[in-house]
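Please report on the fold and helix packing of the model shown here. Keep it brisk.

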Amino acid sequence: MVDFGCTPQLDLEFMNREHRKAFDDANALKILLDKALKRRLDNRLNPQPEKVLESEVEVQIKADLSDSDSVKIERLLQRLLLDTVTHFELEEQCMEEHCFAARAEHSQEHQRVLQWMTQEHSLWIADCSLSTITHLSDYAADKFPNWLVNHIVTMDTVLASYVHRHGGRSL
Ligand SMILES: [Fe+2]
Ligand SMILES: [Fe+2]
């Protein structure tokens with residue numbers, strides 16, 4: 001997991017705030033996915049004796065546990081997506097207000113990443129399997145945070161320093 005404290009801080013506080021939120025969302029998602037993965041692997045390695053599953057009530061409890069994981073993961077994926085939409089909208093609004101020259105390229109990159117995130121979210125809606133949990137865990141712990149760090153030190157740094165030099169105020 002990426003530590004927000006170790007990532008470069010930008011000249012505009014609203015951007016730092018949105019970036020911290022994105023890392024927090026991704027870390028929370030990673031923790032929950034790891035828990036779900038461990039629970040499912042434990043269930044596979046230590047299957048309950050047949051008699052435990054004889055009762056319909058016990059079968060229902062088992063189903064509810066995995067449903068609960070699914071719903072929590074779904075909520076965190078939704079939160080990451082909505083927070084990212086807000087994060088990108090705020091930056092795009094800032095670019096428009098300051099007539100930032102590279103706003104088209106920067107916004108295109110945001111759109112690309114939102115499409116990617118939506119695809120990852122769709123995987124979970126279609127299939128909550130072990131392989132999807134593993135795939136999303138890699139997305140939450142590695143692929144998305146690495147993209148974000150790279151975006152912060154390139155496009156976002158250029159934007160923040162331009163706006164700061166031109167009298168922009170933090171939102
Ligand atoms: Fe950003
Ligand atoms: Fe950005």
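Where is Cys99 found? Cys99 sits in the loop between H2 and H3. The model is predicted. In it, Cys99 has a positive phi of about 45 degrees, although it is not a glycine. Cys99 is exposed, because 8 other C-beta atoms lie within 10 Å of its own, and 12 or fewer count as exposed.

**Overall fold**

The protein chain has 4 helices and 0 strands. Along the sequence the pattern reads α-α-α-α. Of the 171 residues in the protein chain, 20% are buried. Contacts with a separation of 6 or more were also sorted by sequence distance: residues 24 or more positions apart account for 82% of them.

**Nonpolar cores**

The largest nonpolar core has 17 residues. Leu29, Leu33, Ile73 and Ala140 have the most contacts inside this core. Helix H1 (13-45), helix H2 (56-97) and H4 each give two or more residues to it. Another core, of 8 residues, lies apart from the largest one. Among its residues are Leu12, Met15, Cys94 and Val163.

Leaving aside neighbours within four places in sequence, Ile73 is in contact with Leu32, Leu33, Ala36 and Trp124.

**Helix packing**

Two packed helices are described by the angle between their axes and the distance between the axes. Two pairs are tabulated here.

| H1 and H4 | about 170 degrees | 8 Å | 18 nonpolar, 3 polar, 4 charged |

Take H1 and H4. Their axes make an angle of about 170 degrees. An angle over 145 degrees counts as roughly antiparallel, so H1 is roughly antiparallel to H4. H1 passes H4 in a left-handed crossing.

Now take helix H3 (residues 103-126) and H4. On the H3 side, the contact is made by His106, Glu109, Val113, Glu120, Leu123 and Trp124. On the H4 side, it is made by Thr132, His135, Leu136, Tyr139, Trp147, Met155 and Leu159.

Leu37 is placed in helix H1. Which residues does Leu37 touch, not counting residues up to four places away in sequence? They are Ile133, Thr134 and Ser137. The C-alpha atoms of Leu37 and Ser129 are separated by 9.5 Å, and the two residues are 92 residues apart along the chain.

Leu130 is found in helix H4 (residues 130-165). Leu130 has 13 C-beta neighbours inside 10 Å, so it counts as partly exposed. Leu130 and Leu41 are 89 residues apart along the chain, with 8.6 Å between their C-alpha atoms.

Notes
Residues are numbered from 1 along each chain as its sequence is written. Chains are lettered from A and ligands numbered from 1 in the order in which they are written. This is a predicted model: local features need pLDDT of at least 70, side-chain atom pairs count only at pLDDT 80 or more; totals for chains, interfaces and linings use all residues. Two residues are in contact if their C-beta atoms, placed from the backbone, lie within 7 Å. A nonpolar core is a set of buried Ala, Val, Leu, Ile, Met, Phe, Trp, Tyr and Cys residues joined through C-beta atoms within 7 Å. Axes are lines fitted to C-alpha atoms, for helices over the stretch in contact, and angles run from 0 to 180 degrees between N-to-C directions. Angles under 35 degrees count as roughly parallel, over 145 as roughly antiparallel, 65 to 115 as roughly perpendicular and the rest as oblique. A crossing is left-handed if the near helix is turned anticlockwise from the far one by less than a right angle, and right-handed if clockwise. Ala, Val, Leu, Ile, Met, Phe, Trp, Tyr, Cys and Pro count as nonpolar, Asp, Glu, Lys and Arg as charged, and the others, Gly among them, as polar.
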